[in-house]
Amino acid sequence: MRMELNGAQILTNSLIEEGVEYIFGYPGGAVLHIYDALNDQDSISHILVRHEQGAAHAADGYARASGKPGVVLVTSGPGITNAVTGIATAYMDSIPMVIISGQVPSMLIGNDAFQEVDAVGITRSCVKHNFLIKDISKIAVTLKKAFHIATTGRPGPVLIDIPKDITIAKSEEQVYPSKIDLRSYKPNNPIDQVQIKKAADLIARSKKPIIYSGGGSVIGNASKELREFTRILGYPITQTLMGLGAYPANDKLSLGMLGMHGTYEANMAMHGSDCVIAVGARFDDRVTANIDKFCPTAKIVHIDIDPTSIGKNVAVDVPLVGDVAQVLKGIIATLGDKKVSEISSWWKQINEWRSKNSLHYKREKGIIKPQTVIETLYEVTGGEAIVTSDVGQHQMWAAQYYLFDEPRRWINSGGLGTMGFGLPAAMGAKLAVPDRDVACVTGEGSIQMMTQELSTMLQYNTAVKIVNLNNRYLGMVRQWQEFFYDKRYSMSYMHALPDFVKLAESYGHVGILVEKESELKPALEEAFKLKDRTVFLDIITDQKENVFPMIPSGAGHHEMLLAGEDDMVSTDDEGLNLV
Amino acid sequence: MRHIISVMLENESGALSRVAGMFSARGFNIESLTVAPTNDETLSRLTVVSVGDDNIIEQIVKQLNKIIDVVEVTDLTSFEHIERELMLIKLNVSKANLTHIMKQIETFSGKIVDASDDTYTVELAGQSKNLDAFMEKIDQSLIIEISRTGVTGVIKGNK
């Protein structure tokens, strides 16, 4: 006869069977039984965060760095509502995650009980799917479904809400299913070979092609296929903020990032192209800029695993639904016996655009330029670190100046743009890849949204180097106010900042203040020498620096502002409508 | 263009709100929506009428397919199909307007399903446009209230 277990034990056993290494969580009334069951095992390490949003971001960072699903455990009510921002962040960037939230006992659901919220209702629009477990016999199978849905197709977060009485009730031990088949969820449809052939034809005969690769190439583990595809063709490639690293930034075919803060050559090549090959990208508004002016002369091939991404923002000539790596393999095979266009005149044009050196910036004596900080970070880490970021100017500089040559090294909140993401994500990434240096590039605005996690980082000794680009402004807000609001700096300056060195020290970490450029490299070197310590580098940077190139709202790819041209900004009301 | 989209849905709690929520979150319009059990007790059929150009309808169909609880989506409008809607309409009746009312009921094959001294409740089933026509033909001042089910439909023939 099978053993009798309570629901919490069945849940815990299911997580062990699934191979979960880490749970990021925070206890509370509705999950006490689950925490009690976790206490009896040592397969899974539980990371006790200081705020549930931190748990979700840490699980997210773990998932992005490792490719495995992140797991979150929170209590009912405020436990789950605090986690929602982190769940929405993961959803927007298609990150596999399973969130288990406690719920009030079944008989109290709907009664406005203490710490009750409709977790399934609140999270519905920011999860791939969610479940409310109503029957103890469904625990193991629901866990299996959740991990299956979270990790296959276009990945995403899946929430399981479990009422307390279900965790207490007893039942026979449940066998954790090794496989699951859902009639309503078939993520792996066969790839359309006719479309593959059409795409290959179009690609081979284009004269001004460009490959535009996105987060799908990273999440879909298609880096190898993307490299092969690009090199066989010898075509230029640009990558989105989410895609950086899938193709090496240092390679000669790479044009860097495209979009609002993309390079001149990448955006001009998109604008002038006759064939855009979109690989695991979704034509997001940060990438397309003004959609009416987007790629006016290009035929578009769009490869994506999610059919809803295709044709959503722009009309597509050759849609290709499927796993990015598999589709690329298919096209490579079909290209095998085809003659590919000679595109040297296109490269000549691109190299002219490149010669503008659009990421060039002016150094000033006595002032640390934020770009210099990222370049020095790159130098000191040999380009080998995992870099997480928060959201704002520092995020764009990190994306522009840290040249990522491998996927899963660049971890940032691209879709939702969540300030506070960087620090807990760095903690999660460090747990996933403990042997690799992890840096969190942040700003004094973003970091203050999650400083409490410094405490968690001490408890679990996750040694992260925090690179705080401290310009005493909410820099991206200030930049927009400078350009579009007549320099009326409404609420973008903080008059009282903590002493970050002391803050780090009070949490048991190392704090270093960097005020001179001459101190920058030695400070970074010292920080990375302290292998097992978290180091907070508070770097006082230029207050006035802006992110360039920039496509102002309402403009097209060919209408970028370059450094030194910022006096020319004017945007009509329609442009200002955009964010 | 108006499309009738038929959705086979897992008969799970919350499945309906996933569909309704998707429409509102993505700004798609719903002209009518009906949902009821089918001969398979694990499935419900949901029929939604929406208006949009081809791109919008394509997105609606794709977004519906993406919902995990959705088993099958059919745009009935792209097939030969039967559509029906049921309406109950309560009317003021008096000697002066009885002939007018009876003529319209006859024309539209309506059925009086309830009567009081001064009211009739009429049942009408048919294509929505016929129900609309009845509502136009009848003297507006006589209408007390209307309850319509929204459209349901199936593909014609053996498909």
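# Report on a predicted two-chain model

Read along the sequence, chain B follows the pattern β-α-β-β-α-β-β-α-β-β-α-β-β. There are four helices and nine strands in this chain; helices (H or I, at least four residues) and strands (E, at least two) are DSSP runs, numbered from the N terminus. The C-alpha trace of chain B spans about 55 × 35 × 35 Å along its principal axes.

The model is predicted: local features need pLDDT of at least 70, side-chain atom pairs count only at pLDDT 80 or more, and totals for chains, interfaces and linings use all residues. Residues are numbered from 1 along each chain as its sequence is written, chains are lettered from A and ligands numbered from 1 in the order in which they are written, and side-chain values use heavy atoms, with hydrogens and water left out.

## A sheet in chain B

In chain B, four strands form an open sheet in the order β2-β3-β1-β4, with antiparallel pairing. Two strands pair if DSSP finds at least two bridges between them. At the edges stand β2 (32-37) and β4 (70-75) of chain B, each of which pairs on one side only. From one strand to the next, the twist averages 15°. Strand β1 (residues 2-10) of chain B is joined to β4(B) by five bridges, and the two run antiparallel. Opposite B:Met8 stands B:Glu72 in β4(B).

## A sheet in chain A

Chain A contains an open sheet of six strands, ordered β16-β15-β17-β18-β20-β19, and the pairing is parallel. Its edge strands are β16 (410-411) and β19 (510-514) of chain A, and each pairs on one side only. Strands β17 (residues 438-443) and β18 (residues 465-470) of chain A run parallel and are joined by five bridges. The bridge partner of A:Cys440 in β18(A) is A:Ile466. Helix α21 (residues 517-529) of chain A packs on the sheet, touching β17, β18, β19 and β20 (535-540) of chain A. Contact means heavy atoms within 4.5 Å. The direction of helix α21 makes about 170° with that of β19(A); axes are lines fitted to C-alpha atoms, for helices over the stretch in contact, and angles run from 0 to 180 degrees between N-to-C directions.

## Where the chains meet

The contact takes 16 residues from chain A and 17 residues from chain B. The area buried between the chains is about 1,500 Å², of which carbon and sulfur atoms give 45%. Buried area is the accessible area (1.4 Å probe) that two parts lose on being put together, summed over both. In chain A, the residues that lose the most area to chain B are A:Arg183, A:Ser184 and A:Thr308, together 41% of what that side buries.

A salt bridge is a side-chain nitrogen of Lys or Arg within 4 Å of a carboxyl oxygen of Asp or Glu.

| Residue in chain A | Residue in chain B | N to O distance |
|---|---|---|
| A:Arg183 | B:Asp40 | 3.9 Å |
| A:Arg183 | B:Glu10 | 2.8 Å |

The pair with B:Glu10 crosses from strand β1 of chain B to the loop between β8 (170-172) and α8 (193-205) of chain A, where A:Arg183 lies.

## Backbone features in chain A

Most residues other than glycine have a negative phi, and most peptide bonds are trans. Phi of A:Gln115, however, is near 55°, a positive value in a residue other than glycine. A:Gln115 is placed in the loop between β5 (97-103) and α5 (119-123) of chain A. A cis peptide bond joins A:Phe548 and A:Pro549, with omega about -10°. The loop between β20 and α22 (573-577) of chain A holds A:Pro549.
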